[in-house]
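Please look over the sequence and the model shown here. A short briefing follows, grouped by topic.

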Amino acid sequence: MSKRKIQEAHLPIGECITQVQEILRVRLCHQQLPDRPEGLETQHKHLLELLKRTAVHGESNSVLIVGPRGAGKTMLLKCVLRDLLEEKEAQKNLLQVHLNGLLQTDDRIALKEITRQLHLENVVGDKVFGSFAENLAFLLEALKKGDRSSSRPVLFVLDEFDLFAHHKNQTLLYNLLDVSQSAQAPVAVVGITCRLDVLELLEKRVKSRFSHRQIHLLSNPTFPQYLAQVRTQLSLPADFPDAQFAEDWNASVKTLVEDKSAVDVLQRHFNSSKDFRSMHMLLMLCLSRVSVAKPAVKPADLLEASRLCFSDAKANILHGLSVLELCLIIAMKHLNDVYEGEPFNLQMVHNEFKKFLQRKSNSMYNFEQPVIMKAFEHLQQLELIRPLDSSAARIQREYQLMRLMLDHSQIMEALQKYPQCPTDIKQWAMSAFS
Amino acid sequence: MAALLQHPGYEEERLQRVAEQLPCREVQTGMLLSLMGQPHHYSYPSIFIYGHRASGKSHVMHVLLKELELPHATVSCVECVSVALLFEQVLLSFFGCDAASLLPRSASLSDFVRIYRQQCSQSPAKQTRYIVMEKAELLRDTDANLLPALLRLQELVEDNVTIILLSEIVWDKFRPNTGCFEPLLLHFPDYSKGELQKILSQDRPPSYSDEFYSSYINILLGVFYSVCRDLRELRHLAALNFSKFCEPLEEGKVKETDTHKLWRNIEPHLKKAMQTVYLREVSSVQWEQMQQMEEKENGALRGLSAHTHVELPYYSKFLLIAAYLASYNPARTDKRFFLKHHGKIKKTNFLKKNEKTSNHLLGPKPFPLDRLLAIFYSVVDSRVAPTASIFSQISSLVTLQLLTQVSHDDQLDAPKYKCAVSMDFICAISRTVNFEIVKYLYDFL
């Protein structure tokens, strides 16, 4: 027991903020693995058991991890792998092959990738194989070590599993699952997918070789759990260099999650999506506002971040249109009201616009047809209107039928916010029938 | 003003230079800087920046990345007809040409990720690497796996890399149907009228005063602002028309402060510019030449669409008129218009009650060759024999794109056509042959 006083480290505030940013950014942006995955204990145990049986006892297995986007599937798998590799035998023997449906779009590419990840390129050399199955069998055979009777266990992780089901004949899936069923080599096939109906995508022969073991990540946190999650994500760990600063920071986080306006904002986010990824995006926006001048996350930050997340993108685009383009949109809205959503073309829109100009005698917006055509084409490039069919060939441009991709309420809301909107145009928009 | 941009991790004078080059975009630059964080920190894997054209998205990104000397790769998706070009560009910018040459012939995304991982294990990122993709809406038309993979590139290559997508189109139209990693959305709002004035005034040629130039910009915005808010177009128009604006000043007729006279001089000129240069009917070179020529010598400025007014032979004109009548009159009304003795036709049956839109709004309808010839013979005043020369004139009208052929090339005995000319054009033609076309049109009864 040392009687020496432990020197309390006090870093300057700038240095503290830098450290905070670094730690939290790795947590929020780089998907750092938590020590224990929250709310997924049963799934964690189940998967760990399964993989341990393959790695240590040499049993073949296949399992699918299913859950919506941002539910934590990859995170769960990585946590399980980390815990699995703490065991010495698993660490010594287990080989891992990570495939991703987005990258390996073809079975041929996938096979090359498997060869590469098993470090067997030299062994394969220039051999030509008759079929996929032969190739795979050769690879697994080559993994047999000297005196062992069976080859080393291999873990195949297939990310975006549903994309593999779209390959020709589903050869890769068939062969992997075949190996996992037969006694060739201890193989574990773990598929990760966001589609709940993934089994429907598999062919009959593939489905029958699959063990139908699925781990569902359909966690349903309650709002207090969600708030607790927010708090943990923002809190600094105990080993932060400046203990005093960390204490102040964690105290401010605690007041944040108890503040009424912040709770309202978080409730709104919770109601729209419960996955941790959208929470991370929100917290990242708050974190970006932390600086030396303001070394804590305040409720105002949360409000501002929420406003950014929920802003309507189309309304923002409507805000930047010129007055002529806005008039054309209002004319289209009137056409939609009168003709109940039937498609229109430029001539009809121009006609409607001319009716408005005739009522008001000002000639300020009296533009020629080509100028109006240019404005119309700009709206088409912004994809606010869309042609009905893409047969652009035999129809003149001004007669091509289009649909408006905006809602009535979006237009009216945009009009309210439009800068210096002329009053006669506003009144024209509000009138029921032109 | 320039001192508003402050961030630890970047030198203050560099930030000041950045702020000077980005007027009216301080808020967005500050937001981007705070998201980027210090160079060695991680940033959000993908950021999506959307806003109108010429709202400064690419400009802000370029200035920031260049002045702060951050490792970056800028790719324009218009140039990347094949994805291999995209991969090559990225590897070249980050790791040099040796890495880029490691890419196989027709590189796939798998090869790219593999080579990237190899390279970054040799040279890991000390600062965040940025990949900026302009015109990102074209990524939707490439392979379906490219966009989702790029959005999670940080996770796939396990490196400190951030993808920034710039586009005009909102994110809702990008989302793949099974979902993807959602990027952080950032909006670059359009410039207000005051901001446009401020930015356009920066183009002032040094020999003129500030107030003079800003009065010019005021007049220009007064004419064009309600039609076009695109900064690039407005800058182009401002540059083209300034010499005309200064003309009375140079001739000594007016002083700098005489805004009313200057306005009277330039306003018709700007209105004409709207119909020609703005629509790209004439090129900028032609426009400048026209300005330099004397007013008396100045003939009519031939725009692009003037070239469609060809001189047609006599019978071709009548064929075209007949085609127009066949396209825009319904077939049941031919009897009333073109027969000498059509008998009694009740007007109530004739004008259908629930016709809401005139044919001129819906567009031309296709008609068979026989109908065209029938109308032609009744419209032409002299007796015409059906020789090959008449039929060949129909084909040449199709070549001139005044008629379009609707039926397939195989159908030789019953070809169908549509008339592709506008009302003004056909009125001009019928005036030259003294034919009153309006009397024969159903919509104008």
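How many residue pairs are in polar contact between chain B and chain A, with both residues at pLDDT 80 or more? The count is 28, where a polar contact is a pair of N or O atoms within 3.5 Å; within protein, one must be able to donate a hydrogen and the other to accept it, and residues adjacent in sequence count only if both atoms are side-chain atoms. On the side of chain B that touches chain A, the residues divide into 32 nonpolar, 21 polar and 14 charged (Ala, Val, Leu, Ile, Met, Phe, Trp, Tyr, Cys and Pro count as nonpolar, Asp, Glu, Lys and Arg as charged, and the others, Gly among them, as polar).

This is a predicted model, in which local features need pLDDT of at least 70, side-chain atom pairs count only at pLDDT 80 or more, and totals for chains, interfaces and linings use all residues. Residues are numbered from 1 along each chain as its sequence is written, chains are lettered from A and ligands numbered from 1 in the order in which they are written, and side-chain values use heavy atoms, with hydrogens and water left out.

**Confidence**
- The predictor gives the complex an ipTM of 0.91 and a pTM of 0.91.
- Chain A has a mean pLDDT of 87, with 94% of its residues at 70 or more (pLDDT is the predictor's confidence in each residue, from 0 to 100).
- In residues 1-7 of chain A the pLDDT is below 50, and this stretch has zero contacts in the model beyond near neighbours in sequence (contact means heavy atoms within 4.5 Å).
- For chain B the mean pLDDT is 86, and 93% of its residues reach 70 or more.

**Domains**
- Chain A is assigned domain 1 (40-216), domain 2 (221-310) and domain 3 (315-433), with bounds from an automatic or database domain assignment.
- The centres of domain 2 and domain 3 of chain A, taken over C-alpha atoms, are separated by 43 Å.
- Chain B is assigned domain 1 (12-187), domain 2 (193-294) and domain 3 (314-339 + 359-440).

**Interface**
- In chain B, 67 residues are in contact with 59 residues of chain A.
- The two chains bury about 5600 Å² between them, 58% of it on carbon and sulfur atoms (buried area is the accessible area, with a 1.4 Å probe, that two parts lose on being put together, summed over both).
- Y42(B), H52(B) and L361(B) supply 11% of the area that chain B buries against chain A, more than any other three residues.
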